[in-house]
Amino acid sequence: MKRNIFGLTGLLAIVLIFACNKKDDDTPPYDYDKQAAKDEQTIKDYIAANNLTGYVRDTTGVYFKVLVHGQGGDTIKLTDRFNIDYKGFLLNGTRFDSARSVTFNDMRLGQPGLIEGFKVGPMKTTKGGTVRYFIPSVLGYRDQDKGTIPPNSVLIFEVKLNNYYY
């Protein structure tokens with residue numbers, strides 16, 4: 001009987017120690033709305049400071065400008081495969097990615113695997129068109145560190161939509 005009491009007391013002590021142990025990570029939870037507002041102001045400030053004109057805010061919060069109008073009137077859909085040329089930059093001018101004539105195999109524009117904000121640009125033009133757009137961090141990598149892309153980074157993409165496939 002004493003053995004069971006000591007065992008239960010020991011188990012209770014271990015549980016209490018772990019229950020009272022404070023986490024070392026005091027990082028506040030991610031606040032989407034607060035970061036979205038900060039990103040919005042950052043984009044507006046960048047556009048103003050660089051005397052950029054013609055940018056339009058999409059309902060998602062992405063700012064875009066069609067640089068070259070494509071052919072035809074049909075635009076890509078989220079269910080389409082696509083072939084693009086693209087360049088990705090940080091606001092400080094650092095290029096973090098680029099590719100020419102990339103077809104993402106069987107990946108569709110709307111499938112997981114692409115950051116949410118990236119999907120917006122190609123839908124703003126037609127085949128052969130080029131669009132430049134600012135992606136708020138909340139539609140990008142959020143507060144994640146992605147190597148050359150720091151947490152909470154607004155991204156700039158320039159995408160030429162070479163083709164898309166149903």
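Predicted model: local features only at pLDDT ≥ 70, side-chain atom pairs only at ≥ 80, totals over all residues.

Reader: What percentage of the residues of the protein chain count as buried?

Author: A residue counts as buried when its relative accessible area is under 20%. Applied to the 166 residues of the protein chain, this gives a buried share of 33%.

Reader: Which class of geometry does the aromatic pair of F96 and F157 have?

Author: The structure holds eight aromatic pairs, and one of them joins F96 and F157 with 5.6 Å from centre to centre and 85° between the planes. The pair links distant parts of the chain, as F96 belongs to strand β4 (residues 95–103) and F157 to strand β6 (residues 155–165), 61 residues apart. Both F96 and F157 are buried. Planes over 60 degrees apart fall in one class, and the pair of F96 and F157 is accordingly edge-to-face.

Reader: How many residues apart in sequence are the parts that the pair of F118 and F157 ties together?

Author: F118 and F157 form an edge-to-face pair, with 4.9 Å between centres and 85° between planes. F118 lies in the loop between β4 and β5 (130–135), whereas F157 lies in strand β6, so the parts tied together are separated in sequence by 39 residues.

Reader: Are F118 and F157 buried or exposed?

Author: The limit for a buried residue is a relative accessible area under 20%. F118 has a relative accessible area of 5%, and F157 has a value of 5%. Because these values lie under the limit, F118 and F157 are buried.

Reader: Which residues do ring pairs link into a cluster?

Author: F157 pairs with F96, and F157 also pairs with F118. Ring pairs link these residues with two tyrosines, and the cluster consists of Y86, F96, F118, Y133 and F157.

Reader: How far is the charged end of K127 from the centre of the ring of Y164?

Author: A charge can sit over a ring only if it is within 6 Å of the ring centre. The charged end of K127 sits over the ring of Y164, and its distance from the ring centre is 5.0 Å.

Reader: With which side chain does the side chain of E116 make a polar contact?

Author: E116 lies in the loop between β4 and β5, and K119 lies in that loop as well. K119 is buried, with a relative accessible area of 7%. Between the two side chains there is a polar contact of 3.0 Å, so the partner of E116 is K119.

Reader: What distance separates the C-alpha atoms of E116 and Y141?

Author: Along the chain, E116 and Y141 are 25 residues apart.

Reader: Which residue has its backbone nitrogen 3.0 Å from a polar atom of the side chain of D145?

Author: D145 is in the loop between β5 and β6, and it is exposed, with a relative accessible area of 55%. A polar atom of its side chain lies 3.0 Å from the backbone nitrogen of G147.

Reader: What is the phi of N51?

Author: Most residues other than glycine have a negative phi. N51 is found in the loop between α2 (32–49) and β1 (56–57), where it is exposed, with a relative accessible area of 65%. N51 is not a glycine, yet its phi is positive, at about 50°.

Reader: Near what value is the phi of S101?

Author: S101 lies in strand β4 and is partly exposed, with a relative accessible area of 49%. Its phi is positive although the residue is other than glycine, and the value is near 50°.

Reader: How many charged residues are in the lining of the largest pocket?

Author: The largest pocket has a volume of about 220 Å³. Its lining is made up of T27, P28, P29, Y30, D31, K34, Q35, K38, D143 and N152. By class, three are nonpolar and three polar, and the number of charged residues is four.

Reader: Which residues are closest to the centre of the second largest pocket?

Author: The second largest pocket holds about 190 Å³ of space. By class, its lining has nine nonpolar, one polar and one charged residues. Of the 11 lining residues, the closest to the centre are D97, L114, F118, Y141 and F157.

How values were computed: Residues numbered from 1 in each chain as written. Heavy atoms only, no water. 1 Å grid on protein atoms, 1.4 Å probe; cavity = no way out; pocket = protein on both sides within 12 Å on 5 of 7 lines; lining within 4 Å. Points joined across faces, edges and corners; volume = space filled by probe spheres on them. Nonpolar A, V, L, I, M, F, W, Y, C, P; charged D, E, K, R; others polar. Phe/Tyr/Trp six-rings, centres within 6.5 Å; stacked < 30°, edge-to-face > 60°. Helix = DSSP H or I, 4+ residues; strand = E, 2+ residues; numbered from the N terminus. Buried < 20%, exposed > 50% of the residue type's maximum accessible area, 1.4 Å probe, protein only. Lys NZ or Arg CZ within 6 Å of the ring centre and 35° of its normal. Polar contact = N/O pair within 3.5 Å; in protein donor to acceptor, adjacent residues only side chain to side chain.
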